[in-house]
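Let's take a quick tour of the greasy middle and the aromatic rings of this protein. Have a look at the picture first, then read on.

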Amino acid sequence: MATASGAPPAAMDEKARRTRDLLASFYNTDPSAASAAGAAAPASLARSSPAAAPASPLDSINSTSFDPEIYMNVLVQQSNLEGLLQRHVKMAAEIKNLDTDLQMLVYENYNKFISATDTIKRMKTNIVGMEAGMEQLLSKITSVQSKSDTVNTSLFDKRENIEKLHRTRNLLRKVQFIYDLPTRLNKCIKTEAYGDAVRFFTGAKPIFEAYGDTSFQDCKRASEEAMDLVIQHLQAKLYSDSEPIEARAEAVVLLKQLNFPVDNLKSNLLEKLEDCLLNLQNEPTQASISDISKTFRAYLIIFPDSERRLIELAQALFSNRYETIRESLKKRIPSTDLLAMLRSLWEDATAIDEVIPEAALPAFSLETTRDIIRQHIATAFLHLQNEISDTLVRTHSTSNEKLEESQLQTAMDTSKIKVSQGCIDLLQEFHHLIDGNAELLVKLRDLIIDWVQEGFQDFFQKLDRHFHVLSGRSKSFPKESSALDSVQIDKVPTVLVLMLAQLCVYIEQTTIPKVTEELASSFSGGGSRSYEYGPPFVPGEICRLYRSSGEKFLHHYINMKTQKISKLLNKRFTTPVWIKHKEPREVNMFVDLLLLEFNGVVSEVKQILPGQIRRHRHSDSTGSTTSSRSNPMREDMLNRSNTHRARSQFLENHLAKLFEQKMEIFTKVEYTQESVISTVLKLCLKSLQEFVRLQTFNRSGFQQIQLDMEFLKSSLKEFVDDEAAISFLLKEVNSAAHERCLDPIPLEPPILDKLINAKLAKIKEQNPNMQ
């Protein structure tokens, strides 16, 4: 009951177990058992302390060898006064608890004793009178048994006779069945109940085998003849194409029950099945697939060893059907129609897979569907590229004709709509591929997202290369469109190049941001692409590509126009003999041709590029010293008296150039009407200057150049935004002619003005609407 000083308090379950052990030892008359039970409590307490020492006199309080004097001596030696008081209080509490437990135990035992006493009294009361009833029941059972024995004894002979008659009746019924079997078989043949006929005959076959040579010989022969007819009918049903597959399968089963050799029929039936599958490939319906599924199941039951052949037939069936879809992809089909066909094939493959899972049709369908959807996406991008190309080529085919007002602008707007709206329409088409909840689409969703993004990346890159082919800047591109056949690369119209330049700007600034936004909202995710390859769609890279291509096309257009006009200028300056030129009477006709070509440039640029052509007048402080009329005219008036003074002035002009402010003639070309027109004109005038430097002029030739340049100066004011640069270049042409002239005496201003006004009046007379 006591524990070592300082030990932790025992748990409630430990205390209950110790109390139970103490009570058991109290009521146990065996001293050894009591000793063992008494020692259990301190042992359990000792286990609760990890530092428990060997048994001491303080732990033997519950044992039979307890010595009070030794216990007290040891307790007094090991404990102080406070410890003794604590031990006293604890022991008193344990004694009180033990007394309470004993009282409760005695009370409970007393209640149980009273209840047992009451139960015994009730049992004695209920048993009274039962013995007489049992004796009465025994006498009645004995009486019934004796009467039953009497009845069995009296009916024993009759029962044996009845059983014998019953066996005879059964035998007679079997004999009657054998005699009636031919009639039954003939009725079954008439009603086409071949299953009943086979069942009747197989039931009677053991009797025919045992007693067929006796009195049943005629029945046996008639039955066999009837069964031969049944076999013929079953064979006819088996080979009949009008019979359902269930009836044909039943016929094979019945033939097998008759031990008819059906293995030789397997090859013929499989060939018929193959023909049936070929007929169903062109018009597959749900009913036909259901019939094929039943057919495969029936064949597996009938011919278990035909599984490999059935697998080959099933795989060939779906391979051909998927190949039909591949062929239809050559023509652009809507995504909804494609999904309907693929979903139907997937359902059919799932249905056949339930019958022959070894064919692995779902896995084959998934792999094939993946290739078909990827091909569909690639084909859609190719069709869009061809449509854009056709639109541009149609513009090319009409560009050689006389252009109506806003015709090029309409073609440009059509091309922009074709590119932008075509991409949006493709995104809407592709959205159907990931919007469905079909099992097939869920498995391929991430792949489809990656394919769409990769498709746009590849589409824009190929479209850029295609633009370069149409512009004539590249000839190493495969022909992916029939429209390329009608484009003569060596004769690419300049307007097409300008349209390509503006279209590149539109794609960079409008189309690619729209596509990027749609991809982020509807085609986010993916992730099947390996990280080492980077993201599928990189809009920044595409924008840089089209920005660079647009600049190249714009420069290409300017170069083409400049080269065309330069050829005209070259012909003009190489044909006449300038050193024998006659006195100028009017502005030369080549100026009209030059203005006509330049008006063509202005017409094209106005319809395609943004912005308005406006005049920007610059003062002479931008770099030019004085206007081309003020200085040259004043110098000519001062020096027209003799050639020597003119050449002296020429040297003075050269010295003045050394101190002039340098003018920037060629600036960066922008996508505006003003920038392109000014650049073309500057390059043409620069070419004109070089052509002039290659010739030698007399006085009249120099004066003709002077007249032409002065007329150009007045005519070009309405088309350029950098009037100072144009005036400077015209002045440079005059200076070049002045350098190459043997007698550089210019026209007098009155004569120059008279000739220019005459030319303007003539132009106004020819064009009354001209202001």
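This is a predicted model: local features need pLDDT of at least 70, side-chain atom pairs count only at pLDDT 80 or more; totals for chains, interfaces and linings use all residues.

**Ring pairs**
- The structure holds 10 aromatic pairs.
- One of them joins F177 and F200 edge-to-face, with 6.0 Å from centre to centre and 80 degrees between the planes.
- F177 sits in helix 6 (residues 130-191) and F200 in helix 7 (residues 194-211), so this pair ties together parts 23 residues apart in sequence.
- F200 has 16% relative accessibility, so F200 counts as buried.
- Y322 and F364 also make an edge-to-face pair, because their planes are at 75 degrees, with the ring centres 6.0 Å apart.
- Since Y322 belongs to helix 12 (residues 307-328) and F364 to helix 14 (residues 361-399), that pair links parts 42 residues apart in sequence.
- Y322 is buried at 1% relative accessibility, while F364 is partly exposed at 30%.
- Ring pairs also link F381, F430, F456, F459, F460 and Y546 into a cluster.

**Nonpolar cores**
- The largest nonpolar core has 128 residues, and F456, F460 and F467 touch the most other members.
- Leaving out residues up to four places away in sequence, F456 touches F381, C423, L427, V515, L519 and F537.
- A second, separate core has 26 residues, among them L181, F208, C219 and L255.

**Charges over rings**
- R184 has its charged end over the ring of F200, 5.8 Å from the centre.
- R321 lies over the face of F318, 5.9 Å from the ring centre.

Note on methods. Residues are numbered from 1 along each chain as its sequence is written. Side-chain values use heavy atoms; hydrogens and water are left out. A nonpolar core is a set of buried Ala, Val, Leu, Ile, Met, Phe, Trp, Tyr and Cys residues joined through side-chain atoms within 4.5 Å. Buried means under 20% relative accessible area, exposed over 50%, partly exposed in between (1.4 Å probe, protein chains only). Contact means heavy atoms within 4.5 Å. Rings of Phe, Tyr and Trp (its six-membered ring) pair if their centres lie within 6.5 Å; planes under 30 degrees apart count as stacked, over 60 as edge-to-face and the rest as tilted. Helices (H or I, at least four residues) and strands (E, at least two) are DSSP runs, numbered from the N terminus. A charge sits over a ring if NZ of Lys or CZ of Arg is within 6 Å of the ring centre and within 35 degrees of the ring normal.
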